[in-house]
Amino acid sequence: MIGVVLTGHGGFEKLQYRKDLNIPSPGPDEVLIRVAAAGINNTDINTRIGWYSKGVETGTGEETSNASATRTDDDSTWSGKPLEFPRIQGADCCGRIVAVGDNISTQRIGERVLVRNMLRSYVDYRPYECWTFGSECDGAFAQYAKAPARETYKIDCDLSDTDLASVPCAWSTAENMLHRAGVKDKENVVITGASGGVGAAAIQLAKRRGAHVVAIGSADKADQLLALGADRVLARGSDLVKQVGKDVIDVVLDLVAGSTFPELLDVLKKGGRYAVAGAIAGPIVKLDVRTLYLKDLSFFGCTFQEDEVFTNLISYIERGEIRPRAGKVYPLDEIVTAQQHFNSKSTCGKLVLSIP
């Protein structure tokens with residue numbers, strides 16, 4: 001089969017487009033999927049360069065074409081364990097089931113499906129443990145992929161394969177942040193990194209819950225963010241406290257971190273909630289612990305996802321409550337160009353690869 005193989009931590013040269021890969025064989029409780037489209041995510045690049053290592057203290061945008069020089073390879077993945085090479089990446093998978101394992105009904109063959117990107121089957125559903133599709137196991141950057149049947153979801157809607165391929169990682173990350181922080185109707189929510197895939201999804205999902213959304217993103221994408229449903233857009237780098245005011249926000253959904261982190265806590269009300277699932281501006285922040293305890297704030301680190309997060313997303317799509325859209329589509333053999341485009345942050349929303 002055709003696919004892209006990651007051969008080690010490093011730059012784009014570590015991505016090899018191949019036409020001689022073996023088609024995977026599904027295990028007893030797995031299905032084999034003919035992949036139609038796969039999304040591009042920060043995690044693909046972060047894993048390639050080893051950014052998850054605690055030895056790296058810079059933002060994700062500073063080192064994208066080379067391996068992070070300060071990384072240690074034994075903690076360079078989501079799970080904090082060494083990555084096994086070669087690896088087929090790709091956390092987002094949309095396609096159709098073409099074969100099933102011995103324990104799975106053949107009636108599932110032909111289903112159009114999405115794969116949950118945070119897999120729990122391989123860790124026996126232990127709390128706060130998971131494998132990431134395309135990291136701890138092979139993913140969707142190939143013509144075929146296998147996945148646990150119970151975490152491969154049939155979806156019935158009129159969206160294209162490329163639009164659906166924008167969903168698993170970005171939209172589940174955003175929904176998980178809203179779920180963990182308990183965002184409710186009429187609450188005031190600030191979303192950082194709002195012009196990226198997760199941020200754009202978070203705007204739409206927060207509006208679905210009836211929240212009032214202040215989106216922080218690129219100034220040149222303000223109209224697009226308003227079109228997604230944001231009630232107010234602030235340009236990245238704005239004085240947040242001056243623009244919004246102190247102690248007025250119920251929930252912050254943060255994908256950026258970095259030097260502006262203290263401002264995010266300043267705008268939160270007493271009893272406010274801070275949820276984080278990214279650190280594109282840098283993982284090391286300045287925290288005044290007095291702000292944390294004197295304001296009775298709650299912090300939520302958001303990686304692990306309860307089962308209902310992904311099943312809820314499927315139901316939102318099937319009921320037409322959200323309509324994910326791919327920002328731009330590239331063929332699989334142009335994955336390097338697609339990742340370079342992704343790094344430029346010039347497109348609002350997700351970039352997707354079409355699989356031949």
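Good morning. Residues are numbered from 1 along each chain as its sequence is written, and side-chain values use heavy atoms, with hydrogens and water left out. As the model is predicted, local features need pLDDT of at least 70 and side-chain atom pairs count only at pLDDT 80 or more, while totals for chains, interfaces and linings use all residues.

I begin with the spaces inside the protein. The second largest pocket has a volume of about 370 Å³. A pocket here is an open set of points on a 1 Å grid over the protein atoms alone, with protein on both sides within 12 Å along at least five of seven lines. Grid points are joined across faces, edges and corners, and a volume is the space filled by probe spheres set on the points. Nineteen residues line this second largest pocket, and Ser-79, Lys-81, Cys-130, Trp-131 and Glu-136 are the ones that lie nearest its centre; a lining residue has an atom within 4 Å of a point. By type, the lining of the second largest pocket divides into nine nonpolar, five polar and five charged residues. In this count Ala, Val, Leu, Ile, Met, Phe, Trp, Tyr, Cys and Pro are nonpolar, Asp, Glu, Lys and Arg are charged, and the others, Gly among them, are polar.

The structure also holds one cavity of 30 Å³ or more, a cavity being a set of points where a 1.4 Å probe fits but cannot get out. The volume of the largest cavity is about 40 Å³. Which residues lie nearest the centre of the largest cavity? They are Thr-43, Asp-44, Phe-133, Gly-134 and Ser-135, from a lining of 11 residues. That lining is made up of three nonpolar, seven polar and one charged residue. Its largest share, three residues, comes from helix 1, residues 42–49. Helices (H or I, at least four residues) and strands (E, at least two) are DSSP runs, numbered from the N terminus.

Let me stay with Ser-135. This serine is found in the loop between strand 7 (131–132) and strand 8 (144–148). Ser-135 is buried, at a relative accessible area of 3%; buried means under 20%, exposed over 50%, and partly exposed in between, with a 1.4 Å probe and protein chains only. The side chains of Ser-135 and Glu-136 are joined by a polar contact of 3.0 Å. Such a contact is a pair of N or O atoms within 3.5 Å; within protein, one must be able to donate a hydrogen and the other to accept it, and residues adjacent in sequence count only if both atoms are side-chain atoms.

I turn now to the aromatic residues. How many aromatic pairs does a search of the whole structure find? The search finds seven. Rings of Phe, Tyr and Trp (its six-membered ring) pair if their centres lie within 6.5 Å; planes under 30 degrees apart count as stacked, over 60 as edge-to-face and the rest as tilted. Trp-51 and Tyr-52 have ring centres 5.6 Å apart and planes at 70°, so this pair is edge-to-face. Trp-51 is buried, at 11% relative accessible area, whereas Tyr-52 is partly exposed, at 21%. A tilted pair is formed by Tyr-153 and Phe-310, with 5.1 Å centre to centre and 45° between the planes. This pair links distant parts of the chain, since Tyr-153 lies in strand 9 (residues 152–154) and Phe-310 in helix 9 (residues 307–318), 157 residues apart. Both Tyr-153 and Phe-310 are buried.

The charged end of Arg-208 sits over the ring of Tyr-316, 3.7 Å from its centre, and Lys-328 lies over the face of Tyr-330, at 5.2 Å from the ring centre. The criterion is NZ of Lys or CZ of Arg within 6 Å of the ring centre and within 35 degrees of the ring normal.

Finally, the backbone. Most residues other than glycine have a negative phi, and most peptide bonds are trans. Phe-85 and Pro-86, however, are joined by a cis peptide bond with omega of about -5°. Pro-86 lies in the loop between helix 1 and strand 4 (94–100). Tyr-125 has a positive phi of about 60° although it is not a glycine, and the phi of Tyr-128 is likewise positive, near 60°. Tyr-128 lies in the loop between strand 6 and strand 7 and is exposed, with a relative accessible area of 58%. Thank you.
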